[in-house]
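Here is a short briefing on one protein model. Please keep the sequence and the 3D view open while you read.

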Amino acid sequence: MEFKYLDFDEDIFTAAASGEPNLYVTADDCSSNLNPVRKKHRKLKEPLSRAGEFMNLKRLKDVVFARDEIVLREEKLSVVLFELLTEKEKSRLGIENYNDIIEFSARFHRFYHELNEYQVEAVDITGLDAWQEQRLNLFENLLGRYEEKLQEESYTSPIIFRDFANFSTAVLDEFKRLVFLNVIFFTPFEKKMLKKLDKEIPVKIILQLPEEDFEEDKLHFQGLSLPETWPGRLNIYKLAEDNYQLINSLNLSKPQISEILSPALEDTDYDGILSPEIVEMERTDEFNSCRIYRFLEALYELLAASPLAEKRLSLPELFSALSRDHFRRYFAVSYAALEKVREFIREDFVNLSKEMARSELEEVLSVFEELEELKELENMPMLVDYLDELDMGILSSPYFSNDVEQFYDALLELTALEDMQLVSSWTDYYTDPALGLLDRFLQYIEFKSIKPALPEGKKEMNIGELLGAVQKHREHVVVINASQNWLPSPRGRDFLLTENQRRQSGLPWGEKSRAKQRYRFFRHLLTADEADVLALENEEENLTPGAFLEELKLEYDLEYADPAVTSADIPQIYENILSGKKQEKGGFLPEIENQPQNEKEPSLMAQDFPGRGRDYNLSFYKYKTLKNCFFQFFCQHILKIPEEFAGVDVEISPKTYGSMVHIMAEEIMREWKSGGELDVSEDKIRMVVEDIMDDFSLKMDHRFQPYYDKVVRDDLIESLQEFFNSPESPLAEKEEFDQVEIERSVSDKGRPFLETEPVNFYLSGRVDLLLRKDDRGFLIDFKTGGCELEQLDFYELLLKGAAVPGENFMLEKYFYQIVDRRFIKAQPKSRDEFPQKLQQLLQKFVSGGEYTKNQTSQCYDCRYRNICRAVS
Ligand code: SF4
């Protein structure tokens with residue numbers, strides 16, 4: 001075995017590449033080195049001579065330990081494991097259905113792969129707790145059956161059954177030598193393999209580190225020793241916030257020269273912040289961001305929530321599906337249909353029946369048909385056929401380059417599963433096959449990587465992953481996130497064993513991972529002409545510079561420099577970066593100007609109250625808003641800013657509940673109103689309640705049906721009985737009334753409550769129940785929530801204002817709380833102060849001339865907080 005050690009100012013690829021037909025091998029997590037060496041080799045190779053090959057260590061092992069059996073990967077391995085698990089084992093492992101096996105399968109394979117790589121036998125792992133012992137026994141038992149099953153079927157899973165009995169270098173004969181590019185960490189399995197390879201074919205290992213740091217006979221890296229003096233320029237910085245760090249790193253970078261490196265780049269959201277036109281970075285997305293997934297997810301949610309047996313679609317899920325542009329295009333549904341669905345939901349409908357769709361929303365009948373077809377799927381081949389028929393012309397996305405390809409790959413994988421007959425019966429896997437299979441497919445494909453379609457051409461900036469970055473020389477490197485928990489990162493493998501048990505068993509533990517991170521970090525810095533390193537320091541978030549950066553600081557007596565960009569510059573600098581607008585000096589640094597702010601509140605004007613003359617109808621609810629805040633009143637009732645659509649609660653809404661009770665009460669009193677008897681027997685009330693609840697079934701979520709049947713119905717019956725029979729009820733005497741009015745609209749048109757210069761206020765409202773007999777009146781308002789006695793005073797004022805001139809009657813006012821089944825009676829004198837109070841408020845509002853915040857405004861729940869200057 002030949003070793004070659006490079007100084008940090010030498011280029012690995014120049015030292016490694018030759019024109020000879022060599023096999024070049026990189027570490028698995030440094031496959032980025034393959035391209036540069038391939039390019040160098042091509043330049044050196046004689047025309048028509050045999051070319052070299054390029055691969056990482058994992059691929060080399062696949063080649064050297066190749067077997068005749070069919071190699072199973074991913075889904076297929078999970079299926080075999082699932083088939084092998086007994087019910088008892090599933091319950092002990094917490095695997096309830098097939099979907100739970102995926103995570104377990106990945107961990108199981110990783111665990112045994114690691115044992116194989118570190119040549120550790122499970123029986124040699126000691127010091128386990130009882131539960132670990134039990135779990136390990138279960139794994140071992142499962143592994144035995146797994147191996148047997150694969151052998152039986154002539155399959156193999158190379159990552160856990162790699163065996164030196166299969167070692168062969170026959171396919172390597174065509175290469176002159178094996179060249180390992182700066183692979184400094186080998187597992188025991190790899191060391192053994194290297195020694196065997198070296199007997200068959202010359203092996204050369206090129207390492208960029210001091211010779212004394214590597215024990216050649218043991219192929220063991222002992223840790224990097226740093227040079228006495230730092231070879232290039234090096235600055236270090238501490239910053240308080242991540243965004244602030246990112247901006248400074250961009251500001252430090254020289255366009256098309258510098259490279260920014262960060263550990264754990266996939267854990268950052270930089271790709272979402274930085275423009276792909278300007279900043280080059282590895283950008284991958286997950287399949288769940290593309291249209292195909294979102295379309296299928298919407299279908300799944302609709303299918304799961306809709307009572308299709310009753311030919312109904314769940315409206316919240318339908319609304320969510322139709323909110324997606326591609327979903328509407330797929331089913332040729334207009335935007336107006338979405339608005340119609342929103343209207344239904346606002347009216348408290350929860351389901352849409354097919355009849356209702358036929359008469360009011362014909363466009364969505366195609367969605368009904370699609371779901372009915374989907375519901376018929378019974379097995380995976382049926383689902384695959386269904387998915388294969390989807391119109392990718394509508395569902396493919398211009399934002400991704402391989403979403404359709406990944407989708408069809410997944411279908412092929414699932415088809416192969418079926419062809420290999422690895423699954424005994426899909427119906428055993430799920431109780432509702434269509435729903436379960438679609439869910440399985442979504443889970444299978446959800447996290448597959450897809451590539452965003454990026455603009456072509458060289459970008460000004462480049463951000464890469466530090467640990468896997470190509471190991472080249474750089475003129476200028478900027479390392480960010482050199483903070484604790486990032487560099488070094490403590491991310492460990494916590495499956496079954498503790499860190500200590502891993503160490504005692506000979507498995508890799510934290511220290512080994514730190515040595516690798518330390519080498520990669522220092523190598524990138526030592527090989528660059530200039531380097532800047534940034535880390536976060538923020539007490540509140542418990543962030544400090546990481547151990548490697550502190551080591552650098554102490555070793556070379558460095559001080560943290562002040563970052564050039566301050567937090568005040570950030571908004572402007574973001575704008576500059578995203579728009580590519582740079583200042584002549586200072587890169588993306590902004591020129592900040594303070595814009596004067598116009599603090600004036602909107603003025604109250606007569607045009608704000610359109611309509612006949614300057615008339616304005618004031619309901620109790622408008623009064624309540626005005627009383628709370630003039631600006632809120634302006635937004636809600638003058639500008640009429642629509643309420644943000646928050647979907648619908650699955651439970652029956654208080655509005656629907658209240659409305660059902662009104663209708664029930666009206667129905668019970670209908671005959672009585674027209675001169676008949678008032679029948680408030682339990683049978684009568686029960687019949688009415690059941691009929692009306694049936695009429696409201698589209699407003700009740702079917703998933704709550706047992707609750708409605710067992711709880712709500714009886715509550716309503718009892719509440720209505722109480723309403724008619726309670727001694728507190730004005731109806732308890734069952735006396736005859738001259739007038740019974742339900743949901744009566746009242747307005748005092750013709751007699752304004754208050755006349756002012758810009759506007760005349762009239763009162764208006766709707767009274768739930770009004771009973772009159774001689775000179776007595778009874779006003780009852782049904783309530784499902786809180787009661788404000790002012791509402792009754794408001795109605796009294798309204799009724800008196802609307803009364804025939806000279807008419808005089810005594811009014812008793814009640815709330816009836818439906819849920820608590822009790823009457824709340826307003827005291828007669830409460831009405832005396834109210835007219836004056838209302839008048840004063842309206843006068844203050846008009847005379848102020850502006851829509852301001854009131855001194856007592858309650859802002860906490862205000863839906864206009866985001867646009868209101870009065871609150872921050
Ligand atoms: S947030 Fe407060 S001040 Fe602003 S509109 Fe709402 S209630 Fe009025």
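**Strand pairing and overall build**

Strand β11 (residues 258-262) and strand β17 (residues 461-465) run parallel and are joined by three bridges. Strands here are DSSP runs (E, at least two residues), as are helices (H or I, at least four), and both are numbered from the N terminus. Two strands count as paired if DSSP finds at least two bridges between them.

The model is predicted: local features need pLDDT of at least 70, side-chain atom pairs count only at pLDDT 80 or more, and totals for chains, interfaces and linings use all residues. Residues are numbered from 1 along each chain as its sequence is written, and side-chain values use heavy atoms, with hydrogens and water left out.

**The seven-strand sheet**

- L261 has G464 in β17 as its bridge partner.
- β11 and β17 belong to an open sheet of seven strands, with parallel pairing, in the order β12-β17-β11-β18-β19-β10-β20.
- β12 (279-281) and β20 (560-561) are the edge strands, and each pairs on one side only.

- Buried means under 20% relative accessible area, exposed over 50%, and partly exposed in between (1.4 Å probe, protein chains only).
- In a regular strand, side chains alternate between the two faces of the sheet.
- V203, I205 and L207 point one way from β7, while K204 and I206 point the other way.
- Strand β1 (residues 2-5) pairs with β7 in the parallel sense over four bridges.
- F3 stands opposite I205 in β7.
- Strand β6 (residues 178-181) also pairs with β7 in the parallel sense, over four bridges.
- L181 has I206 in β7 as its bridge partner.

**The whole chain**

- The protein chain has 32 helices and 27 strands.
- Its radius of gyration is 38 Å, well over the 29 Å that the globule rule gives for 872 residues, so the chain is more spread out than a compact globule.
- That radius is taken over C-alpha atoms, and the rule is 2.2 Å times the number of residues to the power 0.38.
- The C-alpha atoms fill a box of roughly 115 × 70 × 55 Å along the principal axes.
- Buried residues make up 50% of the 872 residues.
- Of the contacts (heavy atoms within 4.5 Å) between residues at least 6 apart in sequence, 77% join residues at least 24 apart.
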